[in-house]
Number of protein chains: 2
Amino acid sequence: MKNDLLLRAARGESVERTPVWMMRQAGRYLPEYRAVRANTDFLTLCKTPELAVEVSMQPYRILGVDAVIMFSDILIPVEAMGQEVKLTEQKGPELPSPIRSRDQVDRLAVPDPIEKTGFVMKIIQTLRRELDGAVPLIGFAGAPWTLAAYMIEGGGSRNYAHVKRMMYSDPLTFHALLDKISDTIILYLNAQIEAGVQLVQLFDSWAGELSPDDYSQFALPYERKIFEAINRNAVPTIIYINGSGIFLEHMATCGAEVLSIDWRVNLSDARRRVGPQLTLQGNLDPCVLLSTPEIISERARELIRMGGGQRHILNLGHGILPMTPVENARAFVEAAKEAVQ
Amino acid sequence: MKNDLLLRAARGESVERTPVWMMRQAGRYLPEYRAVRANTDFLTLCKTPELAVEVSMQPYRILGVDAVIMFSDILIPVEAMGQEVKLTEQKGPELPSPIRSRDQVDRLAVPDPIEKTGFVMKIIQTLRRELDGAVPLIGFAGAPWTLAAYMIEGGGSRNYAHVKRMMYSDPLTFHALLDKISDTIILYLNAQIEAGVQLVQLFDSWAGELSPDDYSQFALPYERKIFEAINRNAVPTIIYINGSGIFLEHMATCGAEVLSIDWRVNLSDARRRVGPQLTLQGNLDPCVLLSTPEIISERARELIRMGGGQRHILNLGHGILPMTPVENARAFVEAAKEAVQ
């Protein structure tokens with residue numbers, strides 16, 4: 001591989017400089033992405049390998065990031081489980097028949113990932129060919145708590161009232177759902193690894209909405225189950241949680257080699273708290289990318305300094321925002337490439 | 001005063017049991033509140049003292065909470081500053097002309113609270129007469145960062161992109177706005193104290209969206225400025241921040257006697273971190289109130305136990321949700337009243 005900085009940083013091996021990529025780097029802030037989307041709805045884009053490959057490659061070609069992440073959506077396997085999913089990007093996901101009963105949970109399938117989501121594997125295989133070893137390819141999936149939240153709420157949420165109502169009132173049904181999602185995600189990620197992804201990121205994006213006790217009971221055990229079942233395949237693993245600062249020490253025990261953290265926690269504090277054995281990914285507030293290239297460079301250099309040059313992957317604390325100017329995203333990437341260890 | 005548990009707990013004096021009230025306790029979960037709202041829009045309710053007094057008293061009469069909080073909205077002084085505010089409760093606040101320039105900041109007034117928001121003072125005076133010393137009356141205001149977020153975003157927000165863009169790109173203009181809001185809130189809270197409130201809660205509800213460094217730079221100094229300017233008046237003060245768990249130690253230096261915390265931090269950990277000299281308020285996930293009275297009682301008793309019976313005010317970690325069953329809210333209040341120290 002020509003540039004394996006990300007893999008080495010994830011494994012804790014020595015790197016010449018801090019690698020950089022951005023969550024949601026294949027996205028609406030790029031005019032080239034919007035051009036593809038102009039003629040294609042979001043779900044079609046996810047399911048059309050040549051287009052998904054094209055938008056996956058754009059940030060590598062345009063910005064020179066140190067990794068490509070396959071273009072997809074965390075709700076793709078949820079649709080494969082048998083729940084209707086509408087993805088419109090602007091409005092966010094809509095699931096018109098939210099899960100509210102044990103009966104609905106029992107009717108969900110644990111789908112065969114090749115049969116039901118073969119297009120994802122095709123995207124991965126094509127990306128590996130296109131990349132030809134230039135940079136690593138990242139696969140991903142949603143974690144059980146976060147996917148259950150979408151499935152029960154019927155979309156995004158501000159309060160997570162429905163999912164938490166089930167969690168508190170009917171924990172048996174809720175655990176049954178989490179188990180079924182876990183089984184689905186294990187098969188799905190192993191199929192991605194088989195197809196060729198070289199790192200895997202698990203998104204438990206909304207687990208930060210839970211109290212530390214609830215996180216330990218309803219999210220962490222399922223993250224662990226997944227990492228135990230896929231670690232045998234020997235690709236480095238990343239976990240992302242938005243708002244994990246309070247329970248970082250627990251998150252650190254989930255089995256992932258890399259903790260991807262949001263901007264609400266100071267990177268130096270996070271390092272002190274999780275110790276030297278894990279890699280940290282992050283953690284610029286994506287809103288900083290709405291300021292100026294000078295401010296972005298300064299903040300990114302500060303993060304690189306705090307990251308210490310090893311076991312750190314420069315990234316945002318959450319996905320890049322659609323209104324981000326491309327030159328600002330470029331300033332972020334360049335800050336890593338120009339940094340002297 | 002017949003029941004001054006809240007005042008004593010706030011001041012760190014000995015109490016026979018943990019006092020209890022709920023953020024947004026005068027609200028849509030009560031049929032009696034919905035009956036008033038059926039004929040009155042939200043802003044009219046805020047500005048009509050007899051109706052605002054009625055809904056303020058409802059949770060005391062119906063549930064027997066240990067305090068009454070005046071019915072109002074944190075955007076009332078923003079309207080008085082000269083920015084148009086539409087309050088519809090269902091849709092959340094809308095500010096059709098968001099602040100985006102120095103010129104707009106300069107045109108905002110620091111209003112005389114009696115002249116521009118005399119109806120608030122009238123509500124307070126009437127409530128004190130109605131209460132006749134039964135329980136303490138709480139006044140409140142929004143903190144500068146949180147109000148600036150509404151003023152710049154033009155309403156609620158998911159990403160806080162506009163306010164943070166100004167914060168990062170044009171900190172001078174942003175500080176000018178925060179200063180003007182601070183001056184407004186100091187006058188406003190001192191007028192409330194003059195009118196008769198016996199505690200004051202400052203809502204910096206969305207300051208938890210900031211990194212610890214940004215909190216220390218853009219939110220904390222203004223909280224301090226306000227508490228310094230009103231502490232002379234000798235009413236106990238409370239600060240509420242949603243998602244403050246990471247920077248609790250900084251929040252503890254803002255000058256308030258009571259820290260109102262959300263559910264994402266463990267109450268015992270919070271006590272360990274802030275030390276014995278402050279009172280803690282909280283911190284049940286409001287979604288627990290969507291479960292059953294039995295589960296609610298158990299969780300509330302656990303919090304009362306962790307709170308240690310002194311320097312703790314039982315409350316939710318955020319406002320009560322509109323879909324909360326009244327019997328569930330009652331179970332929460334009763335748990336405090338029945339607890340044996």
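In this predicted model, the axes of helix 7 (residues 113–131) of chain A and helix 10 (residues 171–195) of chain A come within 9 Å, and they cross at roughly 35°. The crossing of helix 7 of chain A past helix 10 of chain A is right-handed. On the side of helix 7 of chain A, the contact is made by A:Pro113, A:Ile114, A:Thr117, A:Val120, A:Met121, A:Ile124 and A:Gln125, while helix 10 of chain A brings A:Leu187, A:Tyr188, A:Ala191, A:Gln192 and A:Ala195. By class, the residues of this contact are nine nonpolar and three polar, with no charged residue.

Helix 8 (residues 144–153) of chain A is largely enclosed by the rest of the structure, because 10 of its 10 residues are buried. Among them are A:Trp145, A:Tyr150 and A:Glu153. Just after helix 8 of chain A comes A:Gly154, which takes a positive phi of about 85°.

In chain B, seven strands form an open sheet with parallel pairing, in the order 1-4-5-6-7-8-9. Strand 1 (68–69) and strand 9 (312–316) of chain B each have a single partner strand and stand at the edges, so one side of each is left without a neighbour in the sheet. Strand 9 of chain B pairs with strand 8 (residues 279–284) of chain B in the parallel sense over five bridges, and B:Leu316 is the bridge partner of B:Leu284. Helix 14 (residues 267–274) of chain B lies across strand 7 (258–260) and strand 8 of chain B, and runs at about 160° to strand 8 of chain B.

The two chains can also be compared. The same surface serves both copies, since 100% of the contact residues of chain A recur in chain B.

The contact takes 26 residues from chain A and 26 residues from chain B. Helix 9 (161–169) and helix 11 (212–218) of chain A each supply at least two residues of the side of chain A that touches chain B, and the largest share of that side, five residues, comes from helix 9 of chain A. The classes on this side are listed below.

| Class, side of chain A that touches chain B | Number |
|---|---|
| Nonpolar | 13 residues |
| Polar | eight residues |

Conventions: Residues numbered from 1 in each chain as written. Chains lettered and ligands numbered in written order. Predicted model: local features only at pLDDT ≥ 70, side-chain atom pairs only at ≥ 80, totals over all residues. Axes fitted to C-alpha atoms, helices over the stretch in contact; angles between N-to-C directions. Helix = DSSP H or I, 4+ residues; strand = E, 2+ residues; numbered from the N terminus. Left-handed = near helix turned anticlockwise from the far one by under 90°. Contact = placed C-beta atoms within 7 Å. Nonpolar A, V, L, I, M, F, W, Y, C, P; charged D, E, K, R; others polar. Buried ≥ 20, exposed ≤ 12 C-beta atoms within 10 Å, placed from the backbone. Pairing = 2+ DSSP bridges.
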